[in-house]
Amino acid sequence: MRSTRSVIVIGGGISGLAAAWQLRGRADVTVLESEARIGGKLRTGTLAGVPVDEGAESVMALRPEAVDLATAVGLGPALTDPAPAPVTVWTRGALRAMPAGHMLGIPSDPAALAGTGLLSDEGLARLRDEPERPAGPITEDVAISDYLIGRIGREAVDRLVEPLLGGVYAGRTDRLSLRSAMPGVARVAERGEPLLAALRGRPRPRGSLVRGIAGGTGRLPLAVAAESGARVLTGTTVRAVERTASGGWRVQAATADGPLLLGADAVILAVPAFAAATLLRPLAPDAHIGLSAIPYASTAVVTMAFARERSGLAGLPTGNGFLVPPVDGHTVKAATFLSNKWDWQAKAAPGHFLLRASVGRAGEEHLLERTDRHLVRAALHDLHHAVGAIGEPVAARVTRWDRGLPQYTVGHAERTARIREDLARLSGLAVCGAAYEGVGIAACVATGLAAALRVSEG
Ligand SMILES: Cc1cc2nc3c(=O)[nH]c(=O)nc-3n(C[C@H](O)[C@H](O)[C@H](O)COP(=O)(O)OP(=O)(O)OC[C@H]3O[C@@H](n4cnc5c(N)ncnc54)[C@H](O)[C@@H]3O)c2cc1C
C-alpha cells in the first residue's frame, strides 16, 4: 500500500467486512456499524433452540467470491450443498416443478413444460412461437417485461419469470432492468437473436448453484471480521463524512456514549444507497442524486418450527420449498423448507421441522403493515393451501427487512456508472455494497474487495 495507512469502513455488512478483510495487514482498519451486531442481511438467530438464518441463507456458487472468502476465513469445511430438488412454483392451484435448464424462469425448452401444468395450452403455444418472432436488436435498457412479453408471452412471464425475480430481487418484471437484472438475456436481446435457442446453447452449470454454511450464513460475517483484524465498533451510526485540509477524511458518528470523531486516510461507504446518498450529499451532488434514485423493496421472513411428532400433524412437506407468482394473489412470495433443504438444519433440530416463508415484493408494502401475529397467520394460511395441513407451529419469528433489497430499475447501469464517475474525483473514498453490481452475497463481496483495492491504490 502506498500512503493509505488508516481506513474507516462505514457499514458492517458482508460488503464492508470483505473490504476490511482485503485490507488486513496493510492498513489500520476501523469498521463502524450502526446496529448492535455486524452482518447486515446475514443474520443467524435461534428458533426452538436451534440456529436459523433470518436473512440470506445461501451464497451463489456460480461465481467464486463468496465461496472463496468463506474458505479463506476458515469456513470451507462448513460449506454445504442443498438437497437436490427442482425449483417448484405454487401456481394454478398446485405445486409444480419447473424443468431444469431455465434461466431465471425463462425455459430453454418449451417441450419440457408440457404436462407440468405451469402454463395453459395457450401460454405454452405462445412460448413455442418464440423462434418465429422477429428479434430486432434492442439498443437501450428496457424493463424485463417489455422485452420478454414480446418474446415468450405474458403468461410465461407472469407464471415462470415473476416468481424467480420475486425470490431473488423481491422485484417485478415491469420495473427491473433487463441489462442489470438479467445481463445474460440482455446480451442476447442486444444481438437481436431468438432467445430460447440462445439459452439452450449456453453451457449448463454443473453442480449446485448455491451453497449454504452449516450453522448459518451468519457465521460468515463473524469469521470475516475476526480474520480481518479490524477494529469493529457496533452501535455507531455515522452522521457525516468530511474532507480534511490535508486531504484525509474525518468521520462523525453517534454512539450511546455520545458523539465520536475519527480521522483516516481513506473511507469506504458500505451502506445501502439511501444511507450513502445522505452521507455523500455535501461531497458529491451527482452521486447523491443517483443513489437517491435507487429504490428499495421491503420484505419479511416468517420462520416457523413444527414439532415432528405432534399428534394431528397431517404430514410434512417434501422438496425444498416453492416460489409464488404475484398473479395468483397469495400473501407469501416464497417458502423454504429448511429442514429438507439443509442437512445441517435437519441434524440441528431432529425433533422439529423448520421452514420459512417470505412476504413482500416491490409494491407490496401494504402486506407488511400487518402485525407479526397476522403475518404468521397469513403465512400459515397460504402454506396450508399449498402443501396441505401442517398443523400449528411450536415457535414462530417474524424478521422484517425494511428497505432490504435494492431494485435495479431501468437505467440502473448508467446510474451506477454516473455515481462512480462523480466519486472518482474523491481520492481515498470508495463505495461498495448491494446497490451497485449485484444484490447477491458473492457480488457484494466482489464490490467490497474492489473498494479496498481502490482506496489502497490512492
Ligand atoms: C431477506 C433477505 C434474504 C436474502 N437472501 C439471500 C441469499 O440467500 N443469498 C444471497 O446471495 N443474497 C441474499 N440476499 C441479499 C444479500 O443478503 C444482501 O444484498 C447483502 O447481504 C447486502 O450486504 P451489504 O453489506 O451490501 O449490505 P447490508 O447487509 O445492508 O449492510 C450494510 C450495513 O450498514 C449499516 N449501516 C447503514 N447505515 C449506517 C451508518 N450511517 N453508519 C454505520 N452503519 C450503517 C447497516 O446497519 C448494515 O449492517 C438476501 C437479502 C434479504 C433482505
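Biologist: What does Arg361 touch, not counting residues up to four places away in sequence?
Modeller: This is a predicted model, to begin with. In it, Arg361 touches Gly166, Ala170, Gly171, Ala297, Ser298, Val324, Pro325, Pro326 and Lys333.

Biologist: Where does Arg361 lie? And is Arg361 buried or exposed?
Modeller: Arg361 lies in the loop between E18 and H14. Its relative accessibility is 2%, so Arg361 counts as buried.

Biologist: Which backbone oxygen does its side chain reach?
Modeller: The side chain of Arg361 reaches the backbone oxygen of Val324, at 2.5 Å. The Arg361 side chain also makes a polar contact with the side chain of Glu364, at 2.7 Å.

Biologist: Where is Glu364, then?
Modeller: Glu364 is in the loop between strand E18 (352-359) and helix H14 (372-387). Glu364 is buried, with a relative accessible area of 12%.

Biologist: Switching to domains. What does the assignment give?
Modeller: The assignment gives three entries for the chain: domain 1 (6-41 + 65-79 + 216-294 + 408-456), domain 2 (102-190) and domain 3 (296-406).

Biologist: How many residues of domain 2 are in contact with domain 3?
Modeller: 13 residues of domain 2 are in contact with 14 residues of domain 3. The centres of the two domains, taken over C-alpha atoms, are 27 Å apart.

Biologist: What area is buried between domain 2 and domain 3?
Modeller: About 1000 Å². Carbon and sulfur atoms give 62% of that area.

Biologist: Which three residues supply more than any other three on the domain 2 side?
Modeller: Arg159, Pro163 and Ala170. Together they supply 42% of the area that domain 2 buries against domain 3.

Biologist: How many salt bridges are there between domain 2 and domain 3?
Modeller: One salt bridge. As for Arg159, this residue forms a salt bridge with Asp328, and the closest N and O atoms are 2.9 Å apart.

Biologist: And how many residue pairs in polar contact between those domains?
Modeller: Three, with both residues at pLDDT 80 or more. On the side of domain 2 that touches domain 3, the residues divide into five nonpolar, three polar and five charged.

Biologist: How many salt bridges does the structure hold?
Modeller: The structure holds 20. One of them joins Glu57 and Lys341, with the closest N and O atoms 2.9 Å apart.

Biologist: Where do Glu57 and Lys341 sit?
Modeller: In distant parts of the chain, 284 residues apart. Glu57 is in the loop between strand E4 (50-53) and strand E5 (59-60), while Lys341 is in helix H12 (residues 338-341).

Biologist: Which residue forms a salt bridge with Glu65?
Modeller: Arg63 does, with the closest N and O atoms 2.9 Å apart. At 31% relative accessibility, Arg63 counts as partly exposed.

Biologist: And which residue pairs with Glu193 in a salt bridge?
Modeller: Arg191, where the closest N and O atoms are 2.9 Å apart. Glu193 counts as partly exposed, at 30% relative accessibility.

Biologist: Which residues are linked in a network of salt bridges?
Modeller: Arg43, Glu54 and Arg397 are linked that way.

Biologist: Now Gln345. Where is its place?
Modeller: Gln345 is in helix H13 (residues 343-348). At 1% relative accessibility, Gln345 counts as buried.

Biologist: What is Gln345 in contact with, leaving aside neighbours within four places in sequence?
Modeller: Pro51, Val52, Leu338, Ser339 and Leu354. Val185 is another matter: its C-alpha atom and that of Gln345 are separated by 35 Å, and the two residues are 160 apart along the chain.

Biologist: Last topic, helix H1. Why is H1 described as largely enclosed by the rest of the structure?
Modeller: Because nine of the nine residues of H1 (residues 14-22) are buried. Among them are Ile14, Leu17 and Trp21.

Biologist: What covers the buried residues of H1?
Modeller: The cover includes strand E1 (6-10), strand E2 (28-32) and strand E14 (266-269). Helix H2 (65-72), helix H9 (219-228) and helix H16 (441-456) are also part of what covers H1.

How values were computed
Residues are numbered from 1 along each chain as its sequence is written. This is a predicted model: local features need pLDDT of at least 70, side-chain atom pairs count only at pLDDT 80 or more; totals for chains, interfaces and linings use all residues. Side-chain values use heavy atoms; hydrogens and water are left out. Buried means under 20% relative accessible area, exposed over 50%, partly exposed in between (1.4 Å probe, protein chains only). Helices (H or I, at least four residues) and strands (E, at least two) are DSSP runs, numbered from the N terminus. Contact means heavy atoms within 4.5 Å. Domain bounds come from an automatic or database domain assignment. Buried area is the accessible area (1.4 Å probe) that two parts lose on being put together, summed over both. A salt bridge is a side-chain nitrogen of Lys or Arg within 4 Å of a carboxyl oxygen of Asp or Glu. A polar contact is a pair of N or O atoms within 3.5 Å; within protein, one must be able to donate a hydrogen and the other to accept it, and residues adjacent in sequence count only if both atoms are side-chain atoms. Ala, Val, Leu, Ile, Met, Phe, Trp, Tyr, Cys and Pro count as nonpolar, Asp, Glu, Lys and Arg as charged, and the others, Gly among them, as polar.
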